[in-house]
Amino acid sequence: MLHKYDKIKSSLLLAFAAAGGAAISGTAAAATGSCSLENGYSMDLASYVAEASDCIETAENFDSTIASELFLALNADRAAQGLAPLNRRTSLDMAAKAHALDMSVRIYADHVDHEGRDHLHRIRAFDRTMLVGASGSNVTVSLAADNAAAVHEKIKRDELNADNMMRSTFTDVGIGVVEESGQYYVVQVFAAAEGDFYQAIPVSAKGSQPLKASLTDRDRQVIAWGLVDSASGEMLARSTMPRVRFNNLNGTDSAALDVLVSVRNDTFVLKGPLVSGR
């Protein structure tokens, strides 16, 4: 049984502190791609989204019934503990399905694929509006002869998996179940959706666009944004202006759009979509 969750962290806070705070000048819409998983998905962000979307669209071995029953069992357990139900989000389903499908083809079970992409990478690749706080994932492989109740109980037997399922701050979940060679490859992806951009951020980003967001906590306020190179951690662009500019991507394969938010006397970072400058 495998588990992983991340804490909110970013170089954006440090970058703005160094700059003295000064301004410095939905689901992914996939391009037409093709599905070939023998060597995994493409490393290029835009191609990855396109290929994974095509694979999900054409695969015939997803078990949507088991996935739906796992979702109901998950929320039943949360209700029994007095917790709010999780929303099932299409983009998180995409993230979960893409990983479950890859695991089933290349026969492995891990939170990180062979190319180094983890659950947060997949969330930010497929969801083009969500501002993510905490996130996590559960991964397991079970016999296809098992029913949903047995799979659910197997996931829960791991303490940290159970913690993910009962984490009060999580608001949304996606579930992917692939049946292959007598086994279920199961992935659950969790996120705390702290807000959404009003306008979806394109995967291949050009020019600029308004950066307005609806935050779940009305006391919070977006005060800055930054684009961070996913590979090097280099800050490519940052500003306090309410408009994000993608000009500095300059062919960068993948950059993370981070948003700095203030509430009372505290500041923290929310994680937006990944973008490509190619």
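## Helices and a pair within one of them

A helix, as the word is used here, is a DSSP run of type H or I that holds at least four residues, and helices are numbered from the N terminus. In this predicted model, aspartate 102 and arginine 106 both lie in helix H4, where they sit four residues apart, about one turn of the helix. These two residues form a salt bridge in which the closest N and O atoms are 2.9 Å apart, and aspartate 102 is buried, as is arginine 106.

Side chains of opposite charge can pair when their charged atoms come close. Searching the whole structure gives 16 salt bridges, and one of them joins arginine 89 to aspartate 127, with 2.7 Å between the closest N and O atoms. Arginine 89 belongs to the loop between strand S2 (87-88) and helix H4 (90-106), while aspartate 127 belongs to the loop between helix H5 (119-126) and strand S3 (130-143), so this pair ties together parts that are 38 residues apart in sequence. Both arginine 89 and aspartate 127 are buried.

Another salt bridge brings together the side chains of aspartate 113 and arginine 117, at 2.8 Å from N to O. Why does aspartate 113 count as buried? The cut-off for buried is under 20% relative accessible area, and aspartate 113 counts as buried because its relative accessibility is 6%. Arginine 117 is likewise buried, because its relative accessible area is 4%. Through salt bridges that share partners, Asp102, Arg106, Asp113, Glu115 and Arg117 are joined into one network.

## Aspartate 77 in helix H3

Aspartate 77 is found in helix H3, which covers residues 64-80. The side chain of aspartate 77 makes a polar contact, at 3.1 Å, with the side chain of lysine 156. When neighbours within four places in sequence are left aside, aspartate 77 is in contact with His152, Lys156 and Met166.

## Valine 244 in strand S10

Valine 244 lies in strand S10, which is made up of residues 243-245, and valine 244 counts as buried because its relative accessibility is 0%. Which residues is valine 244 in contact with, leaving aside its neighbours within four places in sequence? They are Gly207, Ser208, Gln209, Leu211, Trp225, Leu227 and Leu257. The C-alpha atoms of valine 244 and isoleucine 201 are separated by 9.8 Å, although the two residues are 43 residues apart along the chain.

Methods:
Residues are numbered from 1 along each chain as its sequence is written. This is a predicted model: local features need pLDDT of at least 70, side-chain atom pairs count only at pLDDT 80 or more; totals for chains, interfaces and linings use all residues. Side-chain values use heavy atoms; hydrogens and water are left out. A salt bridge is a side-chain nitrogen of Lys or Arg within 4 Å of a carboxyl oxygen of Asp or Glu. Helices (H or I, at least four residues) and strands (E, at least two) are DSSP runs, numbered from the N terminus. Buried means under 20% relative accessible area, exposed over 50%, partly exposed in between (1.4 Å probe, protein chains only). Contact means heavy atoms within 4.5 Å. A polar contact is a pair of N or O atoms within 3.5 Å; within protein, one must be able to donate a hydrogen and the other to accept it, and residues adjacent in sequence count only if both atoms are side-chain atoms.
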